[in-house]
Amino acid sequence: NVNVEFAQVVAPTPAPAANFTVSIRSGVNGARVFVDGTEAGTIRNGGLDVQVSRGAHEIVVIAPGFRTFMSTYNVTTNGQITINQVR
């Protein structure tokens with residue numbers, strides 16, 4: 001005879017990735033904003049707030065009649081990016 005006792009194993013819950021708010025400001029209302037290749041929204045009333053995790057993120061802003069803006073930002077805190085698009 002073998003007596004065995006089983007104990008429930010509880011795996012620790014992984015810590016959620018910290019999310020930060022990046023405020024994207026632009027004077028081009030209607031410009032489309034993409035973060036890491038996914039559309040995040042449209043500039044309205046001069047801005048758009050997006051939630052991102054810590055780390056590097058590619059921000060692209062597209063508007064008819066303007067050059068496409070593209071840059072990568074390393075996000076470590078909440079912040080603001082002001083984009084002055086050129087025709």
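Local features are given for a pLDDT of at least 70, side-chain atom pairs count only at pLDDT 80 or more, and totals for chains, interfaces and linings use all residues of the predicted model. Numbering starts from 1 along each chain as its sequence is written, and side-chain values use heavy atoms, with hydrogens and water left out.

**Overall make-up**

The chain has seven strands and zero helices, and its elements run β-β-β-β-β-β-β from the N terminus on. Strands (E, at least two residues) and helices (H or I, at least four) are DSSP runs, numbered from the N terminus. Of the 87 residues in the chain, 30% are buried. Buried stands for under 20% relative accessible area, exposed for over 50%, and partly exposed for values in between, with a 1.4 Å probe and protein chains only. The accessible surface comes to about 6,300 Å², and carbon and sulfur atoms hold 50% of this surface; the areas come from the Shrake-Rupley method with a 1.4 Å probe, and for residues only the protein chains shown count as cover. Among contacts with a separation of 6 or more, 44% are between residues 24 or more positions apart, a contact being heavy atoms within 4.5 Å.

**Strand pairing**

Two strands pair if DSSP finds at least two bridges between them. An open sheet of three strands has the order β4-β1-β7, and its pairing is mixed. β4 and β7 stand at the edges with a single partner strand each, so one side of each has no neighbour in the sheet. On average, neighbouring strands of this sheet are turned by 25° against each other, direction ignored; the axes are lines fitted to C-alpha atoms, for helices over the stretch in contact, and angles run from 0 to 180 degrees between N-to-C directions. β1 and β7 run parallel and are joined by five bridges. In this pairing Val22 stands opposite Gly79 of β7.

β5 takes part in two antiparallel pairings. Strand β2 (residues 32–35) is joined to β5 (residues 55–62) by four bridges, and Arg32 stands opposite Ile62. β5 also pairs with β6 (residues 69–75) over seven bridges, with Ala56 opposite Asn74. The hairpin of β5 and β6 has six residues between the strands, and Gly65 has a positive phi near 85° there.

**Nonpolar core**

In soluble globular proteins, nonpolar side chains tend to be buried together. A nonpolar core is here a set of buried Ala, Val, Leu, Ile, Met, Phe, Trp, Tyr and Cys residues joined through side-chain atoms within 4.5 Å. The largest one holds 17 residues, of which Val22, Ile24, Val33, Val50 and Ile59 touch the most other members. Two or more residues come from each of β1 (19–26), β2, β4 (47–53), β5 and β7 (79–83). Beyond its neighbours within four places in sequence, Ile59 has contacts that include Ile24, Val33, Phe34, Phe69, Tyr73 and Ile81.

Ser23, in strand β1, is buried at a relative accessible area of 12%. Not counting residues up to four places away in sequence, Ser23 touches Leu48, Asp49, Gly79, Gln80 and Ile81.

**Salt bridges**

A salt bridge needs a side-chain nitrogen of Lys or Arg within 4 Å of a carboxyl oxygen of Asp or Glu. Two are counted by this rule.

| Salt bridge | N to O distance | Relative accessibility |
|---|---|---|
| Asp49 and Arg25 | 3.5 Å | Asp49 47%, Arg25 27% |
| Arg32 and Glu39 | 3.0 Å | Arg32 38%, Glu39 40% |

Asp49 is in strand β4 and Arg25 in strand β1, so this pair ties together parts that are 24 residues apart in sequence.

Most residues other than glycine have a negative phi. Asp36 lies in the loop between β2 and β3 (38–42) and is partly exposed, with a relative accessible area of 42%. Asn45 also has a positive phi, near 50°. This residue lies in the loop between β3 and β4, and Asn45 is exposed at 79% relative accessibility.
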